[in-house]
Amino acid sequence: MVCLGNICRSPLADGILRSKVSEKKLPWMVDSAGTAAYHIGNPPDHRMIQTAKDKGIDISGLRARRFTSEDFLAFDRIYVMDQSNYKNVLSMANSNAHRQKVSLLLDHLYPNKQLEVPDPYYGNQSDFDAVFTLVNEATEALISDLTNDK
Ligand code: 4NP
């Protein structure tokens with residue numbers, strides 16, 4: 001799961017997906033990263049920690065890291081939150097196989113619409129709640145698509 005800072009959207013997506021993967025006992029490795037370096041080593045934004053906690057998901061232990069080209073080797077699928085993340089991640093890929101691993105997270109929920117998970121960083125609580133709802137539904141759709149469990 002990749003966003004810009006790795007302190008709001010992608011740690012939430014990481015935490016929600018991890019929780020579903022654990023519940024469904026899927027043999028998947030889940031992680032998150034940011035394309036920017038501003039917040040490396042920091043915990044998620046306190047507003048996102050609280051938003052997740054209110055829904056029973058603990059993301060307080062995550063620490064921001066930057067996306068690296070090695071992530072193309074370590075992961076089969078790389079989900080980005082918006083078009084800017086998409087461009088930045090693709091610019092680090094050096095093969096078609098790696099480029100094909102990258103897609104917008106919301107493609108699972110709204111195929112072919114190129115919709116983005118909006119950045120809540122400068123927003124209010126309702127923006128954080130909206131991100132939770134979107135990411136929760138998108139990760140559910142992702143699991144359903146990848147496991148053919150429809
Ligand atoms: P994120 O949100 O990409 O969802 O983690 C942001 C976090 C920090 C900044 C921007 C977006 N920032 O400008 O510091």
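Start with the lining of the largest pocket: by class it has 14 nonpolar, one polar and five charged residues. Here Ala, Val, Leu, Ile, Met, Phe, Trp, Tyr, Cys and Pro count as nonpolar, Asp, Glu, Lys and Arg as charged, and the others, Gly among them, as polar. A pocket is an open set of points on a 1 Å grid over the protein atoms alone where a 1.4 Å probe fits, with protein on both sides within 12 Å along at least five of seven lines; lining residues have an atom within 4 Å of a point.

This is a predicted model: local features need pLDDT of at least 70, side-chain atom pairs count only at pLDDT 80 or more, and totals for chains, interfaces and linings use all residues. Residues are numbered from 1 along each chain as its sequence is written, and side-chain values use heavy atoms, without hydrogens and water.

Next, select Met 29, Val 30, Phe 75, Asp 76 and Arg 77. Of the 20 lining residues, these are the closest to the centre of the largest pocket.

Now colour helix H3 (71–74), strand S3 (78–80) and helix H6 (125–147). Each supplies at least two residues of that lining. Helices (H or I, at least four residues) and strands (E, at least two) are DSSP runs, numbered from the N terminus.

Move to the second largest pocket. Select Leu 4, Gly 5, His 39, Asp 119 and Tyr 121, which lie nearest its centre among 13 lining residues. Its lining has eight nonpolar, three polar and two charged residues.

Finally, show the whole chain. Along the sequence they follow β-α-β-α-α-β-α-α-β-α.
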